[in-house]
Amino acid sequence: MTLSIIIVDDDIVCRSMLQDIIDECGIGEVLGMAEGGMEGTRMILKSRPDVVLIDLLMPDQDGIETIRQLKNSGYNGKFIMISQVENKDMVGEAYQKRIEFFIHKPINRVEVEHVLSKVNEQWKYERYVSEIKQSLAKLDIGEFSAVRKERKVRDVVKTILVDLGIVGEIGSKDIVALMMYAIEERQVTSFPSLKELYEAVAHTYKQGQKDVEKESKAIEQRIRRTIMAALNNMASIGLTDYSNPKFEYYAPLYFDFQDVRMKMKVMDEEQQPDKGKVNIKKFLQVLYMETLEKLNS
């Protein structure tokens, strides 16, 4: 299944070049092309493509405003920004709108194919996670319990943590304990709140309620540091080899891709390391779903 794409750009030559490249590389199918932001908005809301290639600067309505309107109207597809503007403020604003990919003008065939390939991979991973979630919602617990005996949660989780390069981190023990509780003890196919997870694991470490509250906070901090270590590992792999299978699989699946890109930028430019940020809930939810999927495979 290929990506469905709409191109929004006031430059007819640019639109034509992009369509030719997309048709020839076979990654996607162009559903339509618009000359401006307002026309593009109507077309996108009607066709609901997987991906929108959109120019940053257009006479009637710029790309950032168009994206804002589309998101407010409930469109959840992916955006690729097309621009020759090097203004850091405008690029920063685009990233705030969750634009993860840029194509620079003048159009370069290799860059377009590379960016579309990355977007396609990310789109596949998100569909994969969505399909797992839907399957789990339909999964019969009694049937799953029998399957689960064949493979232990601990073994599956540790294998994934090894791939992420964090099995030796202190918080990896907490992550394993969280997954064991969520899957083996709760006996339901829904992801619990982080508060419930932290407190449940803390109870296995401490007895008094006061100690549990303190330990819950300690668990959260250990897990945050461990997930940050995984992000650092993925960013380092990406800088060395952007096409590395581990990077291509784990980076967009477990992390917000803009966080990965920012970490790679810091490393590449040898900037002073900052604390950075990670989405703990997303990481643990994806780990939960992937563990269930592997147990059931």
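## Close-up views of a predicted model

**View 1. Tyr254 and the residues around it.** In this predicted model, Tyr254 touches Ile160, Lys282, Phe283, Val286, Leu287 and Glu290, leaving aside residues up to four places away in sequence. Look for Tyr254 again in the next view.

View 2. Tyr254 is among the residues with the most contacts inside the largest nonpolar core, along with Leu53, Ile80, Leu178, Met179, Phe255 and Phe283. This core has 73 residues. Helix 10, which covers residues 209-240, gives the most to it, with ten residues. A second core is separate and has 16 residues, including Ile6, Val52, Ile99 and Phe102.

**View 3. Helix 13, from its cap onwards.** What caps the N-terminal end of helix 13? Asn279 does, with a side-chain oxygen 3.4 Å from the backbone nitrogen of Lys281. The helix itself takes in residues 280-295. Its 16 residues, at 1.5 Å a residue, should span 22 Å, and the end C-alpha atoms are 22 Å apart, so the two values agree. Among the buried residues of helix 13 are Phe283, Val286, Leu287 and Glu290, and these four also touch Tyr254.

**View 4. A stretch to read with care.** Residues 140-150 have pLDDT below 50. Beyond near neighbours in sequence, this stretch makes 16 contacts in the model. Where pLDDT is low, predicted coordinates should not be read in detail. For the protein chain, the mean pLDDT is 83, and 82% of residues reach 70 or more.

**View 5. Stepping back to the chain.** The protein chain has 13 helices and five strands. Of its 297 residues, 46% count as buried.

Technical notes: Residues are numbered from 1 along each chain as its sequence is written. This is a predicted model: local features need pLDDT of at least 70, side-chain atom pairs count only at pLDDT 80 or more; totals for chains, interfaces and linings use all residues. Side-chain values use heavy atoms; hydrogens and water are left out. Helices (H or I, at least four residues) and strands (E, at least two) are DSSP runs, numbered from the N terminus. The expected span of a helix is 1.5 Å times one less than its number of residues. Buried means under 20% relative accessible area, exposed over 50%, partly exposed in between (1.4 Å probe, protein chains only). A polar contact is a pair of N or O atoms within 3.5 Å; within protein, one must be able to donate a hydrogen and the other to accept it, and residues adjacent in sequence count only if both atoms are side-chain atoms. A nonpolar core is a set of buried Ala, Val, Leu, Ile, Met, Phe, Trp, Tyr and Cys residues joined through side-chain atoms within 4.5 Å. Contact means heavy atoms within 4.5 Å. pLDDT is the predictor's confidence in each residue, from 0 to 100.
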